[in-house]
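Subject: Structure handover

Hello,

Here is the structure for you to look through. My notes follow below it.

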Amino acid sequence: MMLSLFTWLFMLLLATILFEINVVLVSGQCLSDQQWFLLQLKNRLDFNSSSSLKLVKWNQTTDCCMWEGVTCDTGGYVTDLDLSNKWIVGGIDNSSSLFNLQHLQSLNLANNHFNSDFPSSLSKLERIDLRDNALSGTFPTTLFEIPSLQSLVLSKNQFTGELHETPELASFTLQSLELDGNMLNGSLPVFVFGLQSLKVLILSSNNFSGPLNSSLILNLTNLSTLDLSFNSLSINGTNYDPASFPLIQTLKLASCKLKRFPNFLEKQFNLSILDLSANQIDGEIPDWIWTLQSLSYLNLSYNFLVNLQGPLQVQLSHLSVLDLRNNKLQGQLPAPSPHLAYVDYSSNKFSSIIQFYSSSSTFSFILLSNNNLQGSIPESICDATNLQVLDMSNNSLNGTIPQCLNEMQFLKVLDLSRNNLNGNISNKFSSNCSLQTLNLNGNHLEGEVPRSLANCTILEVLDLGNNQISDTFPCHLKNMSSLRVLVLRYNKFHGLITCPDDNSSWPPLQIVDLASNHFKGELPYRWLRTWEAMMVASDEFKVLVLEEDVHFELDHNILIPAATCSYCTDDGCGRLPRRIPGVCQDTNADLFMSTTVDIFSQGIYYRFAITTTIKGSERRLVKILSLFTSIDFSCNKFEGQIPKVLGEFRALYALNLSHNCFIGLIPSSLGNLQHLESLDLSSNNLSGEIPQQLGDLNFLAVLNLSHNQLEGRIPSGRQLQTFSEDSFKDNKGLCGMPLKKNCSVPPSKDKHSDDGTYIDWNFLSIELGFVFGLGIVILPLMFCKRWRVWYCKHINGFLRRFFP
C-alpha cells in the first residue's frame, strides 16, 4: 500500500532529525575522564574571570565537548583545545592535567601571558600555537621529537640562547615553523634546512648572526614562505640558477646585509610578497622586478637606490603596496598604478609632482614627504576617493590648499606641514568629516580657523603651528571629544583662552602648545580641570637616540623629525627656521618629543608623529610614549597666579610658562609631578621662595627659573644643585648653591642702609601709584609684544631697585 506524499515527507523529516540527534550524541558526548582533566586544568589556570567569560562557563553540568574552545572526536576524546586570548597568566607546568589529554592534536594558547618555561608536550600533537605569551628560557628542542607535529608557532615570546643542532628528528612532517620575535641568538642551525616538508619558515626579529649560504634554502623544495628579516645575518651565495630555487610566495630578507638583488628572484613568478628593505642595495631597480606578475607587495625601502632603470613600471596588475622610501631616487615622481592602495615615495630626491587621475581611485595611502617636490598640489589628487592618508610634508610646495581635500569623505590623515603653502584654510570641511590628524604646521597660511572644522568630531591631532593665522582661541572646536594634541604655536592668535561652558572641553588632551602668540588674561581653572588624560601617569616608553642620517623606522611606524627650531630671544619671543636633518645643534637646542596616532589599512599601520619643543636641553633623545603630555604657554601675555591645578597633572613631562606676566608664588603642588622632565618658569614676576618640593623631582633634567623676583635659599635636594647658575640668574633675592651668593643673614636695614640706598617711602608711594596706574591704562592695549616686554621688564627692574 503506497504511503501518501504527506506521510512520506513526515517520515523522511523524522529520520533526518533522529540522524542528526544521533550524530550529536556520537560526536559530542564527552568522556568523564576528559571532562575531569579539563576541569582540573581550569582550576589551576590563573585567569581573569571577568575577562575570560567563556572559560568561566566550563562546568560539570554540561558536555565538555560542547564547551567553547574544545573539540572532540567521535569517541569523546578531546582532540583540539583553543584557549587563545583568554587572559591566562599561568597555571601550566609539568604536572598539569593538560598532558593527560593523550588524544590532543591541536593546542592553541596564543595571546595569553604565560611567563615560564613550557614543558614538553603530547605525542599526538599536530599543531602547537603559543604565540604572544611571555615564555622564557632556552628553546625546548624536544618539541621537534613529536613525530606527528605539523605546525609549531612560538612567535613573540622571550626564548633566549642558541637553537642547537638536533640530529635525530622525528618531526619530518613539520610544515610550519614560526619562531619570530624572540631573543634567540647564534648561527642558524643546519637541521632546520633538513625539514624537507617545511612550507613556512619564519625566524625574523631575533639575534641570529653570522653568514648564511643561500644554497641551504635549495633543500626546502616545498617552501612557500621564508622570513629571515631583522637579525644580524649575512646572506651570501645568491647567484644560482633561478630555475633551481623553490617557488616562493612570500620572501622577506629585510636587514640581511644584501648588496645586490638576488638573481634567483628573476624566475619567481609565484612571488606575491617581496621585502628587501634595510639592506645595502645600491644602483638601479632592475627591469625584471616589474615582470613578476603575481607581485602584490614590494618593499625596497632603506637602501641606496639612486636611479630607475628606464621608466619605473608600476602598472602591475596585482601590485597594491609599493614602498620605496628612504632611498636616493630622483627626478619626476613615477606614475601611479591603477591598483595601488599604498604608495610610499617619501625621503627621496624626487623634484616634480605628478598628476593623479581617476584611475588611481584605489589609493588609501599616498606618502610623499621629505622630497624636493615643487609647484602646487594638483586637485586631481582628490580623484582618489578612497584616500585615507595623504602626507606631502617637508617639501617646497606652494600655492593654496585644494578645497576638495577638506571635502574628502574617508580622509583620516592630512599632513601638508613644512611647505610654502599660503592663503586661507578652506571653510568646506565635510559634514561627515573623518579626519583624525590635520597637520599644517610650518607654512604661510593666514585667516581664521575654519568654523566647519568643528564637523571633524573625531579629530585627535590638530597642528596649525608656525603660520600667520590671526584669530581668537578656537572655542568652536570644544566638542571634539577625541582631541589629544592641540598646537597653535607661533601665530597671531589673541585674546582670552576662556570659552563658554569650560567644563566640557577636551578630556583626552595630552599636548597643548599655545606658545608665541598674543593670548592674555588668567589661565582658566575650570578648563584646566577637564584635562583628565594629564592626570593619569604612565611609565611605558621607548627611547631612541637622535643622530643625523639615522632612520627611526620599524615596519611602517614613521617618526617625522622636526624641521624648525624655536627659541626665546632676549627681548621677546621669536623663532629661527632652519632645514636640518635632525635636532638643533646649538647649546640652546630644543628637545623634540612625539606622540603618535595609528591608522590601519591594507594590512599596514601608519604611525603619524607630532613634534613639540622643550627648550634648553642638550640631550639628543626622543621618547615615544603611550601617554606623553606637555604644556607650553610660553611667550604670551598671561597673567595672574599659576593655577595650583597644574599640580594634579601627574602625567606631565614638560611645562613651559616662561615669558609671561605671572605673579605670586610657585605652587608647591608642582612637586607632585613626579614624571616632570622640563620646567621653565623664567621671565615672569614670580616671587617668594622656591618650594622645597621641587627638589624631589627625580626626573627633572631641564629647569629655568631665571628672571623673576624669587628669594631665599635654593632648596637642597637631589636635583636643584645639579643645575647651572643660569637656571636661577637675575633673581636678586636667591642664595645658596649653585649660586655663588651665600645665605648669611643680612643686618637689618633702615633709612640709612650700609650700601647707601635711601628709601623715601613718601616719594615711593607716589611713584608706585604712578607706575601701576600707568600699567592699568596700558595693560588693555598690550597686544603688541614690544609693550608687553617693556612693561614686564621695567616693572621687574623698578621693584628690584627697592626690594633686592
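Start with Cys-256. Cys-256 is buried, at 0% relative accessible area. Buried means under 20% relative accessible area, exposed means over 50%, and partly exposed lies in between (1.4 Å probe, protein chains only).

Some ground rules. This is a predicted model, in which local features need pLDDT of at least 70, side-chain atom pairs count only at pLDDT 80 or more, and totals for chains, interfaces and linings use all residues. Residues are numbered from 1 along each chain as its sequence is written, and side-chain values use heavy atoms, with hydrogens and water left out.

Now the disulfides. A disulfide is a covalent bond between the sulfur atoms of two cysteines. The search counts a pair of cysteine sulfur atoms within 2.5 Å. Over the whole structure, it finds 6 disulfides. Here are notes on some of them.

Cys-65 and Cys-72 are joined, S to S 2.0 Å. The torsion about their S-S bond is about -95°, so this disulfide is left-handed. Cys-65 has 10% relative accessibility and counts as buried. Cys-72 has 14% and also counts as buried.

Next come Cys-433 and Cys-456, with sulfur atoms 2.1 Å apart. Here the S-S torsion is about 95°, so the disulfide is right-handed. Cys-433 sits in the loop between β30 (420–424) and β31 (437–439), and Cys-456 in the loop between β32 (444–446) and β33 (461–463), so the pair ties together parts 23 residues apart in sequence. Strands (E, at least two residues) and helices (H or I, at least four) are DSSP runs, numbered from the N terminus. Both Cys-433 and Cys-456 are buried.

Cys-475 and Cys-499 form another disulfide, S to S 1.9 Å. Its torsion is about -80°, so it is left-handed. Both Cys-475 and Cys-499 are buried.

Which strand is joined to β7 by 3 bridges? That is β9 (residues 158–162), and the two run parallel. Two strands pair if DSSP finds at least two bridges between them. Thr-138 stands opposite Thr-160 in β9.

Best wishes
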